[in-house]
Amino acid sequence: MTDQEILALYREGDPQGAFSLIVGQYSEKLYWYLRGMGLGHEDTDDLLQEIFVKVWNSLPSFRGESKLFTWLYRIATNEMLNFRRYNTVRSSISSATSIGEEANSRADEDPYFDGDEVQRVLLRAIETLPDRQRAVFTMRYYDDMKYEDMAQILDVSVGSLKASYHIAYEKVKRYLEENL
Amino acid sequence: MKEHNDIQRTVEDILRDGPHKRPYGVPSDYMSSLSRRLESIPQSVPAPRRFSIWERILPYVSVAAAFLVMVTVGGTILRKTAVSTPSQDEIMEFAYIERANILFMEEEAEDLSFEDIEEYLVSSGISSEHLTYTAQNYEQ
C-alpha cells in the first residue's frame, strides 16, 4: 500500500488500521536505520517502541506536507539523537569513558554482529563520525537514500548534506586505510 | 607497495556506491514479534483526538472573556468607590458656609486689641524681631 493510501485510510476513520500498515511497512526499515547509526539491538528495540508511540500520538497533526516516509524517519532521527545525547552524558559521568573508546567497544561487543573483520573496522570508522555525518553516511551507504529525502529528514539543504557526506566519506576512507 | 595497493582496492571496494548489507543479524522471529508488539500500541495508548475548530480556539476565547469580565467588574468597583463630584447646589452651600465662617472670623478680629495679638504671637513662638516688625506695621 502506498503512503497516500495509508493516509486516506486514516482520514476515512480507521486510525488503527492505518497505524498497523505503517508498522508493517516501516518498523523493519527503521530498525535497520537505527542499528546502522550504532545502536545495539536492545537499545534499538526500546527506542522503536518510543518512536511508534510518538508516531501514533502525532498522526492527527500530520498534514501530509512531507512524505510519510520522511516524516517517520525524522521522528526516528530526533528520538535517536536525543537517546544518544542522554546516554553519552550518562556514560561520561559514570565511567569517564571517551566517545572513541565507547565506539570501539560497541562495534566489538555486539553479539548480533555477523560480518567479517573488514566490516567490523568499517563500523568502528562510522562510529567515530559526528551524528549528522554518521546519519548521512549511513543513509547513503546502507540505504542508498536520495539527498532530497535526507534533506527533508534532517531538515538541512541538499548542498549541506553533500558536503557532510563528502567529509564523512574521506574520514571513513582514511580510517580504513590506517586500520586494515 | 603491493600490500598498500591491495588495501586501496579493498577500501574502494568497500566504499563503492550502495546499498550495502548491514553486518547484523537479529534473533529468530524478532521482526514478526516486533510488528505484533508495535501494533498493540493503540490498545495501550488512548486514541489521539482530532480537535474541532471550536476546541482549538476555545482557549483564546476563554482568555478574552476572562479579560472582559475583569475589566467590567474592575470598572464597576472603581466607579462605586470613587469620590463623587459635588453637585452645583452642594458647591453653593459649601461656599456660603465658608463665607459665613470668614465673616465670623473678621468680626472676632475687630474685637482684638494689639495686646491680644501680641500675646498670641509670643505664645506661638515668634521672634522678637518679627514682633517689632509687626508692631510697627500694625494699623489700629
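## Salt bridges

In this predicted model, Asp29(B) counts as exposed, at 52% relative accessibility, and its side chain meets that of Arg36(B) in a salt bridge with an N to O distance of 3.9 Å. Arg36(B) is likewise exposed, having a relative accessible area of 51%. Both residues are classed as exposed because the class begins over 50% relative accessible area. Over all chains, the count comes to 9 salt bridges.

Another of these pairs joins the side chains of Asp45(A) and Arg37(B), at 2.9 Å from N to O. This pair crosses between chains, running from helix α3 (residues 41-58) of chain A, where Asp45(A) lies, to helix α2 (residues 30-39) of chain B, which holds Arg37(B). Asp45(A) is buried, with a relative accessible area of 14%, whereas Arg37(B) is partly exposed, with a value of 30%. Within chain A, Asp149(A) forms a salt bridge with Lys67(A), their closest N and O atoms being 2.9 Å apart; the pair links distant parts of the chain, 82 residues apart, with Asp149(A) in helix α8 (residues 147-154). Here Asp149(A) counts as buried at 10% relative accessibility, and Lys67(A) as partly exposed at 44%.

## Helix α6 of chain A

A network of salt bridges links Glu117(A), Arg120(A) and Arg124(A). At the start of the helix, a side-chain oxygen of Asp116(A) comes to within 3.2 Å of the backbone nitrogen of Val118(A).

Chain A comprises 9 helices and 0 strands, and 49% of its 180 residues are buried. Among its contacts with a separation of 6 or more, 60% involve residues 24 or more positions apart. The chain exposes about 8500 Å², of which carbon and sulfur atoms supply 47%.

The largest nonpolar core has 70 residues, and those touching the most other members are Tyr33(A), Phe52(A), Leu68(A), Leu122(A), Phe137(A) and Leu15(B). Apart from its neighbours within four places in sequence, Tyr33(A) is in contact with residues including Tyr73(A), Met80(A) and Met139(A), and also with Arg22(B).

Definitions and conventions. Residues numbered from 1 in each chain as written. Chains lettered and ligands numbered in written order. Predicted model: local features only at pLDDT ≥ 70, side-chain atom pairs only at ≥ 80, totals over all residues. Heavy atoms only, no water. Core = buried A, V, L, I, M, F, W, Y, C linked by side-chain atoms within 4.5 Å. Buried < 20%, exposed > 50% of the residue type's maximum accessible area, 1.4 Å probe, protein only. Contact = heavy atoms within 4.5 Å. Polar contact = N/O pair within 3.5 Å; in protein donor to acceptor, adjacent residues only side chain to side chain. Helix = DSSP H or I, 4+ residues; strand = E, 2+ residues; numbered from the N terminus. Areas by Shrake-Rupley, 256 points an atom, 1.4 Å probe, with all protein chains shown as cover. Salt bridge = Lys/Arg side-chain N within 4 Å of Asp/Glu carboxyl O.
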